[in-house]
Amino acid sequence: MRNKLFTLPKKILGTALAAVLLPLLAPTTGAAAQAAADVCRSGYFCIYEHSGFVGRYWAFPSNVHVGYVGDFMNDRMTSFKNYTTVYACLYETANYGHKMSPHGLGAIPPGYWTSNVNPFSNDKLSSIRFTSTYDCD
Ligand SMILES: [Ca+2]
């Protein structure tokens, strides 16, 4: 009986939190991404499924390395924006294997973006490591 009294407020709180958090976590896709002026925010490395920053989208904060970009984005990246203050190293396999060199770069500098990666890097990204130096090794 006592437990039920405490169950209700938790449920209400959980629902309220979900209502606030879910829109933040939901990826922007397709037409929604095209309509947005720029969905990538400062402090994030953003990857997009297609050229021109459209299609599936995901944003990664630079304070956490990304050992795997997730099934939703794996082997799909065609354009990206580095809106972080650090370099980003991109890899073809999970856990930082087989370094990629989009546009011949050793690392993606802070502020750099491309609307269409080179064919050797297209649809291959699986992991991302952030570093304060240009060296990805
Ligand atoms: Ca793609």
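Phe80 has Thr114 as its bridge partner in strand S6. This is a predicted model, in which local features need pLDDT of at least 70 and side-chain atom pairs count only at pLDDT 80 or more, while totals for chains, interfaces and linings use all residues. Residues are numbered from 1 along each chain as its sequence is written.

Let us begin with confidence. The average pLDDT of the chain is 81, and 70% of the residues score at least 70; pLDDT is the predictor's confidence in each residue, from 0 to 100. Over residues 1–35, pLDDT stays under 50, and the model has 18 contacts beyond four places in sequence for this stretch. Two residues count as in contact if their C-beta atoms, placed from the backbone, lie within 7 Å.

Strands here are DSSP runs (E, at least two residues), numbered from the N terminus, and two of them pair if DSSP finds at least two bridges between them. S1 and S2 form a hairpin with 3 residues between them, and Gly52 in the turn has a positive phi of about 75°.

Leaving aside residues within four places in sequence, Tyr48 is in contact with Phe53, Val54, Gly55, Tyr57, Met77, Thr78, Ser79 and Phe80.

**The three-stranded sheet**

A second open sheet, of 3 strands, is ordered S5-S4-S7 and also has antiparallel pairing. Strand S5 (97–99) and S7 stand at its edges with a single partner strand each, so one side of each is left without a neighbour in the sheet. Neighbouring strands of this sheet are turned by 40° against each other on average, direction ignored; the axes are lines fitted to C-alpha atoms, and angles run from 0 to 180 degrees between N-to-C directions.

Here are some of the pairings side by side:

| Strand pair | Sense | Bridges | A bridge partner pair |
|---|---|---|---|
| S1 (44–50) and S2 | antiparallel | 6 bridges | Tyr44 and Pro61 |
| S3 (79–82) and S6 | antiparallel | 2 bridges | Phe80 and Thr114 |
| S4 and S7 | antiparallel | 5 bridges | Leu90 and Ile128 |

**The core**

A nonpolar core is a set of buried Ala, Val, Leu, Ile, Met, Phe, Trp, Tyr and Cys residues joined through C-beta atoms within 7 Å. The largest one has 24 residues, of which Ile47, Tyr48, Ala88, Cys89, Leu90 and Ile128 touch the most other members. S1, S2, S4 (87–93) and S7 (127–131) are the elements that give two or more residues to this core, and S4 provides the largest share, 5 residues.

Leu90 and Ile108 are 18 residues apart in sequence, yet 8.1 Å apart in space, C-alpha to C-alpha.

Cys89 is also placed in strand S4, and is buried with 24 other C-beta atoms within 10 Å. Not counting residues up to four places away in sequence, Cys89 touches Lys99, Ala107, Ile128, Arg129, Thr131 and Cys136. From Cys89 to Lys99 the C-alpha to C-alpha distance is 7.4 Å, across 10 residues of sequence.

How values were computed:
Helices (H or I, at least four residues) and strands (E, at least two) are DSSP runs, numbered from the N terminus. A residue is buried if 20 or more other C-beta atoms lie within 10 Å of its own, exposed if 12 or fewer, and partly exposed in between; C-beta atoms are placed from the backbone.
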